[in-house]
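Dear colleague,

Please find the structure below, followed by an account of what was found in it.

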Amino acid sequence: MVFVFSDQGRLAMSDQGGGVSGSDYPLLAVLPPIPAQSLGSQRFKETYGTRYALYGGAMANAISSEDMVIEMGRAGMMASFGAGGLLPARIEEAIIKIKSALPNGPYLFNMLNSPFEPLMEQRAVDLYLQHGIRAIEASAYLGMTRGLVRYRASGLSLDQQGGVVIGNRIIAKVSRKEVARHFLSPAPEDMLRKLVEDGEISEQQAQLARRVPVADDITVEADSGGHTDNRPLVALLPVMLAYRASLQEKYHYAEPVRIGAGGGISTPAAALAAFMMGADYLVTGSINQACVESGASDEVRAMLAQAEMTDVIMAPASDMFEMGVKVQVLKRGTLFPMRAGKLYELYSRYNSIEELPASERENLESEIFQRSLEEVWVETVAFFKERDPRQIEKAAQDAHYKMALIFRWYLGLSSRWAARAEASRKMDYQVWCGPSMGAFNDWARGTRFEAIENRKVVDVNRTLLEECAYLSRVQMLRMQGIELPFS
């Protein structure tokens, strides 16, 4: 505890409260201790077994790697393994490694919405239930799916007092009220009935699912890397907090949904702003990709370390290409955004590969794909035979869908080229990144974090919270009318 008082017109501070509030030394302000562990929701920390109200969000293709999840878990934080885009065998490999290192947690596994590949979600849910994964992070969902409802309901049971015990937790990333509504509400009745009919959940579990929301926590995702609506956090978070309150009043959940903040959380000031607006917890993303434990290559980390806030742009997303959905990526040092945009332009203009003008086809084969479209299709068929053969069957009946799969070959591989540091494809690297990376680099300049090798995920995130706690005390003094010399 620090006491601030006036000493003949000058500010003075003491850790002793007695004797400073008399007429000679008027007490001006009281400043309680605010350790980093005290920031955010205590319930969040108790629910997931963490010391800090913060977790590292998932980045697909294991960019948020096993090592990152393990290091953050050991430090009393939490991270989400980037399972999006991975085959079941690779996800299972990660499950075994992470559970072995963190038998009691904390950790999350990501489930990335794949509207054109529902089989991938089904297989992920199978794995998570089989291995007893008790918390997942749902990303890029536009609505409710059978897989999410099955995962949630499968973990529900009754305690001795008749209360609902939630065994399987869901943290959902959302940026729109209409999407948040699905997660803030109980699971859809038709999905529950179908799951009971198919024997995938019990009648009791369906009944319990009607008493709880689909998600325990909702991360309000503002202007982030990857899937994002580019919403400003200062506008989006208060709206979501109010919306949560209105649905809590409607459903009267025994355990209200918590609201966290992600997107733009890369400096102590940004972290403080989110907490001051009412966020229960924080989610970091782009800055973790720049850390040594991420699944990114050294080349990508070097690119990220040079990024400014303006060095990002929106580009077509591989997983929702046909819907016109975009992701935020790094534009400095790569031609990926321009080339990906060209692919979507062609997809929107023509109905099949055969309709492409000869000049456009030649440009695709020589500049973007760097091989013939026939070769690309052969590789695409081989890929989906292992991943989901139904996609090839659909393409055989729909020339436009075949065109989409061929174009998605480039969009999917571009992130893998970046992760593997394929030198011949450096100009095609797809690096998910938000403007927060540039803000972090500005903050890091002149500190130990300016050197890439010093960017260790636990150190970065812990320092972020510790300096946020310090800034919170500075702001508390300001709110009590104290003008500090360095303010």
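I begin with a residue in a loop. Asn 61 has a relative accessibility of 17%, which is under the 20% limit, and therefore counts as buried. Please note that the model is a predicted one. Asn 61 belongs to the loop that runs between strand 4 (54-56) and helix 2 (66-74). The phi angle of Asn 61 is near 60°, a positive value in a residue other than glycine.

His 252 also has a positive phi, about 55°, although it is not a glycine. This residue lies in the loop between helix 9 (233-251) and strand 13 (258-262). His 252 is exposed, because its relative accessible area of 61% is over 50%.

One further backbone feature deserves mention. Gly 105 and Pro 106 are joined by a cis peptide bond, with omega about 0°. Pro 106 is located in the loop between helix 3 (88-101) and strand 6 (108-112).

Salt bridges

Side chains of opposite charge can pair when their charged atoms come close. In this model, the count comes to 39 salt bridges. One of them is formed by the side chains of Arg 43 and Glu 255, at 3.8 Å from N to O. This pair links distant parts of the chain, for Arg 43 is in helix 1 (residues 42-48) and Glu 255 is in the loop between helix 9 and strand 13, 212 residues apart. Arg 43 is partly exposed at 33% relative accessibility, and Glu 255 is partly exposed at 30%.

A second salt bridge joins Glu 93 to Arg 90, with the closest N and O atoms 4.0 Å apart. Glu 93 and Arg 90 are three residues apart in helix 3, so about one helical turn separates them. Glu 93 has a relative accessible area of 49% and is partly exposed; Arg 90, at 25%, also counts as partly exposed.

The side chains of Asp 428 and Arg 425 form another salt bridge, at 3.1 Å from N to O. Are these two residues, Asp 428 and Arg 425, buried or exposed? Both are buried.

Some salt bridges share partners. One network of this kind joins Arg 43, Arg 152, Arg 169, Asp 216, Asp 217, Glu 255 and Arg 258.

Aromatic residues

The whole structure contains 21 aromatic pairs. In one of them, the ring centres of Phe 336 and Tyr 410 are 5.9 Å apart and the planes meet at 20°, so the pair is stacked. Here too the pair links distant parts of the chain: Phe 336 is in helix 13 (residues 336-349) and Tyr 410 is in helix 17, 74 residues apart. Phe 336 is buried, with a relative accessible area of 0%, and Tyr 410 is likewise buried at 0%.

Trp 409 and Trp 417 make an edge-to-face pair, with 5.9 Å from centre to centre and 75° between the planes. Both Trp 409 and Trp 417 are buried. Which residues form one aromatic cluster? The cluster consists of Phe 321, Phe 336, Tyr 344, Tyr 347, Phe 369, Phe 407, Trp 409, Tyr 410 and Trp 417.

The charged end of Lys 177 sits over the ring of Tyr 243, 4.9 Å from its centre. Likewise, the charged end of Lys 402 sits over the ring of Trp 377, 4.8 Å from the centre of that ring.

A buried alanine and a surface patch

Ala 418 lies in helix 17 (residues 399-420). With a relative accessible area of 3%, Ala 418 is buried. Leaving aside residues up to four places away in sequence, Ala 418 touches Ser 297, Val 300, Tyr 429, Gln 430 and Val 431. The C-alpha atoms of Ala 418 and Ser 297 are separated by 6.7 Å, while the two residues are 121 residues apart along the chain.

Met 1 is found in the segment before strand 1 (2-7) and counts as partly exposed, at 47% relative accessibility.

With kind regards

Terms used. Residues are numbered from 1 along each chain as its sequence is written. This is a predicted model: local features need pLDDT of at least 70, side-chain atom pairs count only at pLDDT 80 or more; totals for chains, interfaces and linings use all residues. Side-chain values use heavy atoms; hydrogens and water are left out. Helices (H or I, at least four residues) and strands (E, at least two) are DSSP runs, numbered from the N terminus. Buried means under 20% relative accessible area, exposed over 50%, partly exposed in between (1.4 Å probe, protein chains only). Contact means heavy atoms within 4.5 Å. Rings of Phe, Tyr and Trp (its six-membered ring) pair if their centres lie within 6.5 Å; planes under 30 degrees apart count as stacked, over 60 as edge-to-face and the rest as tilted. A charge sits over a ring if NZ of Lys or CZ of Arg is within 6 Å of the ring centre and within 35 degrees of the ring normal.
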